[in-house]
Amino acid sequence: MATLNNPLTGNGKSTSKGNIPSADVDLVMVATEVAAKWAIKPEIVLVWITVVEFAAKTGQLKTVFESRTLVGSERPQITEQLKTLDRKINKHLRYVKNYIEEKFKDAALSYYPSFGIVYQSKSYILPKDRNSRSEALNLMVNALTENNLDEKEFGTDFWTAIRTEYNLLIGRAVTNDGQVAIKVGSMAALKKEIRLTLNCLINAIKANYPVSYKAELRDWGFQREKY
């Protein structure tokens with residue numbers, strides 16, 4: 001005899017566990033197919049949730065999943081733009097060091113901190129941590145102006161443009177990560193409810209079709225080879 005899932009925990013033998021995919025994209029697909037099939041199979045009844053309620057939750061999950069995917073797809077682009085800007089910053093920092101050394105001679109190192117330059121990884125650089133680097137860029141712009149280095153080729157205007165772009169990208173990254181986190185949180189509750197319903201439906205199908213339940217499950221959209 002087939003072992004049924006516990007509808008409250010979702011635990012059970014591998015047959016039912018395998019019928020419910022773990023990947024979000026597959027879960028959305030299966031839930032959507034099951035909701036459509038349930039709508040034309042009124043003989044399958046669950047006391048605690050209706051087909052209309054399940055279809056609504058499935059629709060919500062699909063919307064949140066697609067929105068999360070869209071938002072998340074921008075993150076790699078932002079990350080790559082930040083890496084490109086980091087390389088530009090690292091490349092042009094040597095010019096600022098030269099300006100400082102030309103102006104302050106032997107005392108040059110003592111002025112580095114006021115320009116946001118720190119000793120890290122056995123060299124003088126702008127901090128690698130992105131938030132610290134953002135603060136260092138503010139120091140850089142101010143120090144170039146205060147020390148009359150603003151007219152240099154890679155002076156105030158150059159670093160102000162970099163600071164503006166860098167802070168814009170940092171802001172976009174923070175906003176993007178926050179939006180993804182919110183959507184992931186929204187999905188968690190929906191996925192839990194949908195998985196619980198799917199488990200209960202599997203059990204109900206097995207109870208109503210004790211001989212042909214495997215074919216019936218496939219007809220409902222529980223097709224493991226798809227995921």
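A residue counts as buried when its relative accessible area is under 20%, as exposed when it is over 50%, and as partly exposed in between, with a 1.4 Å probe and protein chains only. By that scale alanine 36 is partly exposed, with a relative accessible area of 48%. The structure is a predicted model, in which local features need pLDDT of at least 70 and side-chain atom pairs count only at pLDDT 80 or more, while totals for chains, interfaces and linings use all residues. Residues are numbered from 1 along each chain as its sequence is written, and side-chain values use heavy atoms, with hydrogens and water left out.

**Overall architecture**

- The protein chain contains 8 helices and 2 strands, where helices (H or I, at least four residues) and strands (E, at least two) are DSSP runs numbered from the N terminus.
- Along the sequence these elements follow the pattern α-α-α-α-α-β-β-α-α-α.
- The chain is more spread out than a compact globule, because its radius of gyration is 29 Å, well over the 17 Å that the globule rule gives for 227 residues; the radius is taken over C-alpha atoms, and the rule is 2.2 Å times the number of residues to the power 0.38.
- The C-alpha trace spans about 90 × 30 × 25 Å along its principal axes.

**Burial, surface and contacts**

- Of the 227 residues in the protein chain, 39% are buried.
- The accessible surface comes to about 12,800 Å², and 56% of it belongs to carbon and sulfur atoms; the areas come from the Shrake-Rupley method with a 1.4 Å probe, and for residues only the protein chains shown count as cover.
- Among the contacts (heavy atoms within 4.5 Å) with a separation of 6 or more, 69% are between residues 24 or more positions apart.

**Charges and salt bridges**

- The protein chain carries 32 positive and 25 negative side chains, and the centres of the two sets lie 7 Å apart; Lys and Arg count as positive and Asp and Glu as negative, with His and the chain ends not counted, and the charge is placed at NZ of Lys, CZ of Arg, CG of Asp or CD of Glu.
- The structure holds 12 salt bridges, each being a side-chain nitrogen of Lys or Arg within 4 Å of a carboxyl oxygen of Asp or Glu.
- Aspartate 24 pairs with arginine 68, with the closest N and O atoms 3.0 Å apart; aspartate 24 lies in helix H2 (residues 24-39) and arginine 68 in helix H3 (residues 51-72), so the pair ties together parts that are 44 residues apart in sequence.
- Aspartate 24 is buried, with a relative accessible area of 14%, and Asp24, Arg68 and Lys191 are linked in a network of salt bridges.
- Glutamate 74 and arginine 172 meet in a salt bridge at 2.8 Å, N to O, and this pair links distant parts of the chain, 98 residues apart, with glutamate 74 in the loop between H3 and helix H4 (75-104) and arginine 172 in helix H7 (residues 156-208).
- Glutamate 74 is partly exposed at 30% relative accessibility, and arginine 172 is partly exposed with a relative accessible area of 30%.
- Aspartate 86 forms a salt bridge with arginine 130, the closest N and O atoms being 2.8 Å apart; since aspartate 86 lies in helix H4 and arginine 130 in helix H6 (residues 130-146), the pair ties together parts 44 residues apart in sequence.
- Aspartate 86 counts as buried at 12% relative accessibility, whereas arginine 130 counts as partly exposed at 26%.
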